[in-house]
Amino acid sequence: MTATADTTAVTVTRRLAGTPALRRGAWLAFALFWSAFAVVECVRHGWPATVLALAFLVLPDLTFLVALDEAPRMAKGQLPPRAVPYYNAMHRALVPLTLAVACTALPLHWPPAFAALCGWLAHISYDRVFGYGLRTKEGFQRG
């Protein structure tokens, strides 16, 4: 009887952890955290931090410019396959998180760079909240 109850509890926990609403809620918490952190860094370090944070808030979506000439021939919602590796690289949270850890661990200290990473992480988090994730090699949203 106990083994069945334990198995059921694990199954229910896995189902809850995998629900889209729960994942989006977690990404929303991350988005708000990184947005607030970027604002704090911008206030503390002035216009260079502000410019970089805003630039990196927008920059990941500009990867479509790599294959702008192919865009008219793509299906609705499809990113040109040539732009997919750049798009996916700029939309992986591990990249800016690793750089943020490096910024805090290395003796190099330039606060605007950290503000930029906060903006980049906020962008990725907001994309996940709104249902945008990585792309397949054909350029469509992954399911």
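This report covers the salt bridges and a nonpolar surface patch of a predicted model.

Residues are numbered from 1 along each chain as its sequence is written, and side-chain values use heavy atoms, with hydrogens and water left out. In this predicted model, local features need pLDDT of at least 70 and side-chain atom pairs count only at pLDDT 80 or more, while totals for chains, interfaces and linings use all residues.

**Salt bridges**

A salt bridge here is a side-chain nitrogen of Lys or Arg within 4 Å of a carboxyl oxygen of Asp or Glu. By this rule the model holds three salt bridges. Side chains of opposite charge can pair when their charged atoms come close.

| Salt bridge | N to O distance |
|---|---|
| Glu 41 and Arg 44 | 3.7 Å |
| Arg 82 and Asp 69 | 2.9 Å |
| Glu 70 and Arg 82 | 3.4 Å |

Helices are DSSP runs (H or I, at least four residues), and strands are runs of E with at least two; both are numbered from the N terminus. Glu 41 and Arg 44 are three residues apart in helix H2 (residues 20-58), so about one helical turn separates them. Burial is stated by relative accessible area: buried means under 20%, exposed over 50%, and partly exposed in between (1.4 Å probe, protein chains only). Glu 41 is buried at 6%, whereas Arg 44 is exposed at 59%.

The side chain of Arg 82 forms a salt bridge with that of Asp 69. Arg 82 and Asp 69 both lie in the loop between H2 and helix H3 (84-90), so their pairing ties together parts that are 13 residues apart in sequence. Arg 82 is partly exposed, with a relative accessibility of 40%.

Arg 82 also meets Glu 70 in a salt bridge. Glu 70 lies in the loop between H2 and H3, as does Arg 82, and the two are twelve residues apart. Glu 70 is buried, at 17% relative accessible area. Through shared partners, the salt bridges join Asp 69, Glu 70 and Arg 82 into one network.

**Nonpolar patch**

Patches consist of residues with over 30% relative accessible area and no salt bridge; like charges are joined within 9 Å and nonpolar side chains (Val, Leu, Ile, Met, Phe, Trp, Tyr) within 5 Å. Accessible areas come from the Shrake-Rupley method with a 1.4 Å probe, and for residues only the protein chains shown count as cover. Leu 54, Leu 57, Val 58, Leu 59, Leu 62, Phe 64, Leu 65 and Leu 68 make a nonpolar surface patch of about 650 Å². Leu 65 is located in the loop between H2 and H3 and is partly exposed, at 45% relative accessibility.
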